[in-house]
Amino acid sequence: MSLATAIAEEFSGRTVAMFTKLRARLCLASDFAIFDRLYDTPATDAEALTLSVKIINDGMIKYPLLAQSLAFLDMPGTQLSRYHFDRSIAKVDTILPTFGAFHGVDLAYNFGTDVVLDALTTEERAFVPKVQQVWIDFLSYDPEEAILVPKVSYALPSSHSELDKKEAIWFKKDCTMGRAEVETLTAEEEVFWRRSYAYVAIKAKEGYSTEYGFSMFKQME
């Protein structure tokens, strides 16, 4: 179960009726047609949950990361690196088989404390120093030495045509590393979410911060 799935099931549009309310929380009525074009209209509760997961991935993860990337790139000399982490933890998989590579699982491999190491398999423990070396290379970046760490000076999706599609570092399920395509928004999705965040910010200033956007403090009824 992904973070987006868990949030969708608990707080978001897990039914057709709730999906309609989710749309109203995220955009002006004048933008409903754009929302429907991007995310479709569910006919069943199962479809509503599936579409809600995509909306949460786009609106809570991809767009904020894009906005942060653009803000960082405003600082002279700044470059970006991106990664995908697909390795889970075998012991967690036996307890929660649907979790997979859940949000934050990479921290166990980044820091590799004694408590964490005791919970890892032999293969996973051998993977820890490989993951850590990438972050060491990232922090002490030398273009002649840190060849595993790609650096780019553009954000997505505006410069998508310029992108090396396998730019991201990929920590694979089998405890190896490679390169992967960067997950991104389309240009139209970027515009929609920029408008959505601006709308939600206005509603928050009006005193409706829990009524609009992705509020974790008030479930939809």
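# Salt bridges and a surface patch

Student: Where do we start?

Tutor: With Lys 54, which is partly exposed, at a relative accessible area of 32%. Keep in mind that this is a predicted model.

Student: Which side chain does Lys 54 meet in a salt bridge with Asp 58, and at what N to O distance?

Tutor: The side chains of Lys 54 and Asp 58 are 3.1 Å apart, N to O. The two residues are 4 apart in helix H4 (residues 45-73), so about one helical turn separates them.

Student: Is Asp 58 buried or exposed?

Tutor: Buried, with a relative accessible area of 1%.

Student: What about Asp 58 and Lys 62?

Tutor: Their side chains also form a salt bridge, at 3.8 Å, N to O. Both residues lie in helix H4, 4 residues apart. Lys 62 is partly exposed, with a relative accessible area of 23%.

Student: Why can such side chains pair?

Tutor: Because side chains of opposite charge can pair when their charged atoms come close.

Student: How many salt bridges are there?

Tutor: The count comes to 9. One of them joins Glu 206 and Lys 203, at 3.0 Å, N to O. Glu 206 is partly exposed at 45% relative accessible area, while Lys 203 is buried at 15%.

Student: Which residues are joined into one network by shared partners?

Tutor: Lys 54, Asp 58, Lys 62 and Glu 189.

Student: New topic. Which residues make the nonpolar surface patch?

Tutor: Ile 95, Leu 96 and Phe 99, with about 270 Å² between them. Leu 96 sits in the loop between helix H5 (90-95) and helix H6 (106-111), and its 37% relative accessibility counts as partly exposed.

Technical notes:
Residues numbered from 1 in each chain as written. Predicted model: local features only at pLDDT ≥ 70, side-chain atom pairs only at ≥ 80, totals over all residues. Heavy atoms only, no water. Patch = residues over 30% accessible without salt bridge, like charges linked within 9 Å, V, L, I, M, F, W, Y side chains within 5 Å. Areas by Shrake-Rupley, 256 points an atom, 1.4 Å probe, with all protein chains shown as cover. Salt bridge = Lys/Arg side-chain N within 4 Å of Asp/Glu carboxyl O. Buried < 20%, exposed > 50% of the residue type's maximum accessible area, 1.4 Å probe, protein only.
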